Amino acid sequence: MLKKATIILYCVVVVVMAIATFVEHANGFRLYDEWWFTVLWALLTAVAIVYFLKQKVSKLFVVVLHLSFVFILFGAFLTHVSARQGALHVRVGEQTSQYMTQDGHLHKLPFTLTLDSFNVIYHKGTTAAADYESHLLLTNAEGLNRSVTVSMNNICSQNGVRLYQASYDDDGRGTVLSVNSDPWGIPVTYTGYALLFLALVWMLIDPKGQYHQVLRSPLLKKGAFILIMLFGMNGNMQAINDTTQTKNEITEELHVLPKETAEHFGQLQMLYNNRICPVETYALDFTKKLYGKRHYGKYTALQVLTGFIFYGDEWSQEPIVRIKSGELKDARQLPDYCSVNQFFTPGVGYVLGPYVQEYYRGGQHDGFHKQVAKVDDQLMMVMDLRQGKPLKLFPCTDQQGETTWYSPIDNIDTVSVSEDERKYINEIFTLIYSEVREGNFEEVDNYIDLMERHQQKNGGLTLPSSTVTKVEHLYNAIPFATILFMINLTLGFISLGIFIFRMARQEKETDRQQESSKRTDWFLLPLYGLLMCSFIALTYCETLRWIVSGTIPMSNGYETMLLMAWFIQLITLLLYHRFRILLTFGFLLSGFFLLVSHISQMDPQIGRLMPVLNSPLLTIHVSIIMMSFALLSLTFFCGLTALGLRLFKKGGDETIAALGMLSRVFLYPALTTLGLGIFIGAIWANISWGTYWSWDPKEVWALITFMVYAVVVHTQSLPVFRKPLAYHIYVTLAFLTILMTYFGVNYILGGMHSYA
């Protein structure tokens, strides 16, 4: 009875949390704040404790593991009933001794707070904020003063109250601080986190634990794993490479700058995406957004960019605007590629104009209007370029050392910029345009040299170093994700074919012949070497992004997909000698993750990190979570393979069981890293904005994923999962929670984590 009650309550909690994320997204109503939600968790905890005690568990790490969850839940309850959270607003020079809680009530602080000053720290030469700093004077009841600075990821604790930087006034003369007082919940919860960390690691290293029993299983040594990739049979590399689109007719000869002159122009620096980078970077992003590729026929991205700058009328007639499949394309019967001019007609003007207004002002966000907005973004990008808006190529440094980058059409500060310099900025492109139209490209190069000298003279500390510039050029030169996904998937399918052939032959061989075959598996060494080369190339790619951005590349969807592929390759290389079948897994899974980064809506641009994300704890949190997702992806691969074998009757029970054992090799460390990652993230959140759990959709679905996968390790209570087929079905379906956590939250539910 207790067992059934525990299972039912466990399932209800998971389902309710999943439903709650969609309810909140639909109408903003938070089920988590309802009294019955707290009662539901309390019932589950109470019933689970009684059931656990009746099981008379003797393994200490199992006791510690389950005890940690009791501490975490009890700490959360204490936070819920005793903590106070609120905010205060104070202007420079003003004092306050009270704050307002979320329910609108005022509460007194145990000290008086005075705002001495507030500063926004910007990345040099940009408007991208690096940090927000509130300089405070705290005066306690005894009259003692304490000067403190509160900034992002730098909190202040005073008399049991913690202050966090939350927001600021538009004029920079006031600040908004989050206030948190949780003297009971945080210590209890952190105790639970510490016990959890200890127990999860203990689970992996305990020589008498289930994980070591899995590692000692003789099934892992047989190597008779037949892999039939059901989902790989219906596609081909041509389709994967997204070449099914209809090719547009590219005009054979367009007016462009010579390749050398265009590349020379691409070496100039510009303010783009809130950082200083080569024009080459902007040109690549411009061309990919407009056309979907890094080049337009035989013309480089820089020739495309300068073509629109200097030969705008001609390039506006060229069918270069990529129109993806969708309701707009169907309704207007548009080709795969259109020219800019096709959207502007005499007597009507901008064809998409009324629909754009309906999207932004009328709130019509159906599929048709969403595609209208995307095409409008592409067209406005061209219009802005032809006007010169994005060409912030001209740095000017004032007497205080502050550098501002201007475009030719910007309103230039008449105080800090001389009249001659303003004239130069306003007229240089007119002079270049004249030389371009005359075909005098040698003189064009001279003007570009002049612009380079101006940048070096006036760029100050905002200019990237020569090393960073060279690194970015190297990164721009090679489309790493595109090349590696094609190579890895191709080698994965080749490896798959070889393994299938080898397994089919081994079925006809004697034991002695099989042992001889294992010693002569020479074909594995070249594949291992190629995977190592792929790993080195991906590491090189990640390193280049790291150097260019100045932060570890894991701040957006594109970078985390690369990180997932990197972890999968690393795991494969480390465990290959024990599980040779991992070679196929490593190629295919890393290839699929790289494919996702290549064809999805993820943005590979390198940009500035939001101040709140600039924390070492966040780096650890994301790294560990990505490692867990990579490991769980391998369990999905095993499950899918086993189900394919059973469906096509190509493998016996021993093969299915062996795949189950291999899957569990990944499952236990995956649960460990997922648990660690979730709760390290909670600690980071508590340090950054004052609450370790906000019931954000990403948090909720990560917890759901952890709870769903944790079920299959309870084989004593749920003996059905000792059966390999039942286990494989479950972990295959469980992978849907990962897809929801990673993609569903980002593209459907949103929330604080939707950048990830």
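Analyst: Happy to; what follows is a set of questions and answers on this predicted model.

User: How many salt bridges does the model have, by the rule of a side-chain nitrogen of Lys or Arg within 4 Å of a carboxyl oxygen of Asp or Glu?

Analyst: Side chains of opposite charge can pair when their charged atoms come close. With the cut-off set at 4 Å between the nitrogen and the carboxyl oxygen, the count comes to ten.

User: Are aspartate 336 and lysine 329 buried or exposed?

Analyst: These two side chains meet in a salt bridge, with N and O at 2.3 Å. Buried means under 20% relative accessible area. Aspartate 336 has 16% and lysine 329 has 12%, so by that cut-off each one counts as buried.

User: Which parts of the chain does the salt bridge between aspartate 410 and lysine 392 link?

Analyst: The closest N and O atoms of aspartate 410 and lysine 392 are 2.8 Å apart. The partners are 18 residues apart, and the pair links distant parts of the chain. Aspartate 410 belongs to the loop between strand E18 and helix H14, and lysine 392 to the loop between helix H13 and strand E17.

User: Which helices are tied together by arginine 545 and glutamate 559?

Analyst: The two side chains form a salt bridge at 2.9 Å, N to O. Arginine 545 is buried at 0% relative accessible area, and glutamate 559 is buried at 4%. The residues are 14 apart in sequence and sit in separate elements, so the pair ties together helix H19 and helix H20.

User: Which residues make the nonpolar surface patch of about 420 Å²?

Analyst: One of them, tryptophan 36, lies in helix H2. Patch members need over 30% relative accessible area, and tryptophan 36 has 31%, which counts as partly exposed. The patch is made by Trp35, Trp36, Val39 and Leu43.

User: How are H14 and H15 oriented: roughly parallel or roughly antiparallel?

Analyst: Their axes are 9 Å apart and the packing angle is about 160°. The crossing is left-handed. Angles over 145 degrees fall in one class, so H14 and H15 are roughly antiparallel.

User: How far apart in space are phenylalanine 394 and glutamine 269?

Analyst: Phenylalanine 394 is placed in strand E17 and is buried, with a relative accessible area of 0%. In sequence, phenylalanine 394 and glutamine 269 are 125 residues apart. In space, their C-alpha to C-alpha distance is 8.8 Å.

User: What is the phi of lysine 56, and what is the phi of tryptophan 695?

Analyst: Lysine 56 is in the loop between H2 and helix H3, and at 72% relative accessibility it counts as exposed. Tryptophan 695 is in the loop between helix H23 and helix H24 and counts as buried at 18%. Neither residue is a glycine, and phi is positive in each. The value is near 55° for lysine 56 and about 55° for tryptophan 695.

Notes:
Residues are numbered from 1 along each chain as its sequence is written. This is a predicted model: local features need pLDDT of at least 70, side-chain atom pairs count only at pLDDT 80 or more; totals for chains, interfaces and linings use all residues. Side-chain values use heavy atoms; hydrogens and water are left out. Buried means under 20% relative accessible area, exposed over 50%, partly exposed in between (1.4 Å probe, protein chains only). Helices (H or I, at least four residues) and strands (E, at least two) are DSSP runs, numbered from the N terminus. Patches are made of residues with over 30% relative accessible area and no salt bridge: like charges are joined within 9 Å, nonpolar side chains (Val, Leu, Ile, Met, Phe, Trp, Tyr) within 5 Å. Accessible areas come from the Shrake-Rupley method with a 1.4 Å probe; for residues, only the protein chains shown count as cover. Axes are lines fitted to C-alpha atoms, for helices over the stretch in contact, and angles run from 0 to 180 degrees between N-to-C directions. Angles under 35 degrees count as roughly parallel, over 145 as roughly antiparallel, 65 to 115 as roughly perpendicular and the rest as oblique. A crossing is left-handed if the near helix is turned anticlockwise from the far one by less than a right angle, and right-handed if clockwise.
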